[in-house]
Amino acid sequence: MCLWATTIHDTTIWVKYSDDEGWITEPIGLMDFILLTMYYNCAQGGFEFGGIAENEEAYPAILEYVQKEWNKVVQYNALIIYAYQDNLIWYFYKADNTPTDDGIFLSCRTEEKFDKFFNLFDFSEL
């Protein structure tokens with residue numbers, strides 16, 4: 001858990017990780033922070049249909065697919081999110097930008113889109 005804050009007087013983003021620690025600045029601008037949180041909130045349950053690909057052998061095909069037509073909308077603090085229409089593919093990444101063992105996640109606004117990607121790749125419903 002953490003808290004974020006800003007003031008009406010500047011666009012610095014501040015973060016606090018616990019009551020025992022003080023506030024520190026985030027190295028991200030206000031507009032980028034707003035976009036990041038918007039996409040991440042959609043990815044984390046804002047879109048009704050979600051899945052996960054946990055088979056590491058499927059990762060290269062999924063990433064090749066999304067890197068062709070999808071837009072990378074977030075790459076910050078070990079999180080990458082790709083968007084295409086009302087669909088998101090996202091994952092936490094290691095130093096070499098490859099997905100961690102947590103998997104690659106799919107978040108879709110409609111069941112029809114979810115079914116399309118579910119059938120293309122090895123996603124399990126969440």
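**Before you start**

Because the model is predicted, local features need pLDDT of at least 70 and side-chain atom pairs count only at pLDDT 80 or more, while totals for chains, interfaces and linings use all residues. Residues are numbered from 1 along each chain as its sequence is written, and side-chain values use heavy atoms, with hydrogens and water left out.

**The whole chain**

Begin with the cartoon view, in which the protein has three helices and nine strands; these are DSSP runs numbered from the N terminus, with helices being H or I of at least four residues and strands E of at least two. Followed from the N terminus on, the elements run β-β-β-α-β-α-β-β-β-β-α-β. The C-alpha atoms fill a box of roughly 50 × 30 × 25 Å, taken along the principal axes. Of the 126 residues, 36% count as buried, where buried means under 20% relative accessible area, exposed means over 50%, and partly exposed lies in between (1.4 Å probe, protein chains only).

**The largest pocket**

Next select Trp-4, Leu-36, Tyr-40, Asn-77 and Leu-79, which of the 14 lining residues lie nearest the centre of the largest pocket. A pocket here is found on a 1 Å grid over the protein atoms alone, as an open set of points where a 1.4 Å probe fits, with protein on both sides within 12 Å along at least five of seven lines, and lining residues have an atom within 4 Å of a point. About 310 Å³ of space lies in this pocket, a volume being the space filled by probe spheres set on the grid points, which are joined across faces, edges and corners. Helix 1 (residues 30-46) gives the largest share of the lining, five residues. By class, the lining divides into ten nonpolar, three polar and one charged, with Ala, Val, Leu, Ile, Met, Phe, Trp, Tyr, Cys and Pro counted as nonpolar, Asp, Glu, Lys and Arg as charged, and the others, Gly among them, as polar.

Leu-36 sits in helix 1 and, at 13% relative accessibility, counts as buried. Asn-77, by contrast, lies in the loop between strand 5 (71-76) and strand 6 and is exposed, with a relative accessible area of 57%. The backbone of Asn-77 also deserves a look, with a positive phi of about 50 degrees although Asn-77 is not a glycine. Most residues other than glycine have a negative phi.

**The second largest pocket**

Now move to the second largest pocket, which holds about 160 Å³ of space. It is lined by 16 residues, and the closest to its centre are Glu-48, Phe-49, Gly-50, Gly-51 and Leu-126. Helix 1, strand 4 (49-53), strand 8 (104-108) and helix 3 (111-120) are the elements that give two or more residues to this lining, which by class has eight nonpolar, four polar and four charged residues. If you select Glu-48, you will find it in the loop between helix 1 and strand 4, exposed with a relative accessible area of 65%. Glu-48 and Cys-108 are 60 residues apart in sequence, and their C-alpha atoms are 6.6 Å apart in space.

**Two salt bridges**

The structure holds two salt bridges, each defined as a side-chain nitrogen of Lys or Arg within 4 Å of a carboxyl oxygen of Asp or Glu. Select Glu-64 and Lys-68 for one of them, at 3.6 Å from N to O; being four residues apart in helix 2 (residues 59-69), they are separated by about one helical turn. Glu-64 is partly exposed at 48%, whereas Lys-68 counts as exposed at 63% relative accessibility.

Then select Arg-109 and Asp-86, whose side chains meet at 2.5 Å, N to O. Arg-109 lies in the loop between strand 8 and helix 3 and Asp-86 in the loop between strand 6 (79-84) and strand 7 (87-92), so the pair ties together parts that are 23 residues apart in sequence. Arg-109 is partly exposed at 45%, and Asp-86 likewise counts as partly exposed, at 33%.

**A last stop**

Finish at Asn-97, in the loop between strand 7 and strand 8, where phi is positive at about 70 degrees although the residue is not a glycine. Asn-97 counts as partly exposed, at 35% relative accessibility.
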